[in-house]
Amino acid sequence: MLLSKTKNRNLIHHLKHIYESNQARKQELVRQTEFIHELRLAQSDLEAARNNYNYTQDSNLIEYYIYEIKAAETRLNYYLQRAKKERLYNDPWVMYCKTACSREEGTL
C-alpha cells in the first residue's frame with residue numbers, strides 16, 4: 001500500500017523529529033558524563049591534598065598543603081553547586097562527593 005504524499009511527509013517529519021531528539025539526548029548524556037568526570041577529578045584532588053597534608057614530614061610544605069586543600073574544596077563545592085543547579089544531585093557519585101566533602105570539612 002502506497003502512502004499519500006501528505007502522510008509520507010508527516011512520517012518523514014516525525015522520524016526526523018525522533019532522530020533530532022535522540023541526538024539532543026546523546027549530547028546531554030555526553031555533557032553529564034564529562035561533568036561527572038570533572039567532579040571525580042575534583043574529589044580525587046581533594047583526597048590527595050588531604051593525604052599529602054596528613055603525611056608530610058616537611059614543615060615547609062604544611063602551608064602549601066593547606067592552600068591546596070582549600071583550593072580543592074572550593075573547586076569541589078563549585079561542582080556540587082552546579083550539580084544541584086542542573087539537578088544531578090541524585091547521581092551516586094555526586095551524593096558520595098557531597099557526603100565526603102561535608103564529613104571531612106574542617107579537619108585541619
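A residue is called buried when its relative accessible area is under 20%, exposed when over 50%, and partly exposed in between (1.4 Å probe, protein chains only). In helix α2, this label of buried applies to Y65, I69, A72, E73, L76, Y79, L80 and A83.

The structure is a predicted model, in which local features need pLDDT of at least 70 and side-chain atom pairs count only at pLDDT 80 or more, while totals for chains, interfaces and linings use all residues. Residues are numbered from 1 along each chain as its sequence is written, and side-chain values use heavy atoms, with hydrogens and water left out.

**Confidence**

The quantity pLDDT is the predictor's confidence in each residue, from 0 to 100. The mean for the chain is 81, and 79% of its residues reach 70 or more. Where pLDDT is low, the predicted coordinates should not be read in detail.

**Helices**

The chain has three helices and zero strands, in the order α-α-α along the sequence. Helices (H or I, at least four residues) and strands (E, at least two) are DSSP runs, numbered from the N terminus.

How far apart are the end C-alpha atoms of α1? They are 75 Å apart, which agrees with the 75 Å that its 51 residues should span at 1.5 Å a residue. For α2, the 27 residues should span 39 Å, and the end C-alpha atoms are 40 Å apart, which agrees. The expected span is 1.5 Å times one less than the number of residues in the helix.

At the start of α2, a side-chain oxygen of D58 comes to within 2.9 Å of the backbone nitrogen of N60. This is a polar contact (a pair of N or O atoms within 3.5 Å; within protein, one must be able to donate a hydrogen and the other to accept it, and residues adjacent in sequence count only if both atoms are side-chain atoms). After α2 comes R87, whose phi is positive, near 60°.

**Buried residues**

Of the 108 residues in the chain, 20% are buried. In α1 the buried residues are F35, I36, L39, A42, Q43, L46, A49 and R50. A83, in helix α2, is buried because its relative accessible area is 0%. A83 and I36 are 47 residues apart in sequence, but their C-alpha atoms are 8.8 Å apart in space.

**Salt bridges**

Side chains of opposite charge can pair when their charged atoms come close. A salt bridge is a side-chain nitrogen of Lys or Arg within 4 Å of a carboxyl oxygen of Asp or Glu.

| Residue | Partner | N to O distance |
|---|---|---|
| R31 | E28 | 2.5 Å |
| D45 | R75 | 2.5 Å |
| E73 | R50 | 3.0 Å |

R31 and E28 both lie in helix α1, three residues apart, about one turn of the helix. An α-helix has 3.6 residues a turn, so residues three or four places apart point the same way. R31 counts as partly exposed because its relative accessibility is 31%, and E28 is partly exposed at 32%.

The side chains of D45 and R75 meet in a salt bridge. This pair links distant parts of the chain, with D45 in helix α1 and R75 in helix α2, 30 residues apart. D45 is partly exposed at 37% relative accessibility, and R75 is partly exposed at 29%.

Are the residues of the E73 and R50 pair buried or exposed? E73 counts as buried at 10% relative accessibility, and R50 is buried at 7%. E73 forms a salt bridge with R50. That pair also links distant parts of the chain: E73 is in helix α2 and R50 in helix α1, 23 residues apart.

**A surface patch**

L11, L15 and I18 form a nonpolar patch on the surface, with about 240 Å² of accessible area together. Patches are made of residues with over 30% relative accessible area and no salt bridge; like charges are joined within 9 Å, and nonpolar side chains (Val, Leu, Ile, Met, Phe, Trp, Tyr) within 5 Å. Accessible areas come from the Shrake-Rupley method with a 1.4 Å probe, and for residues only the protein chains shown count as cover. L15 lies in helix α1 (residues 5-55) and is partly exposed, with a relative accessible area of 48%.
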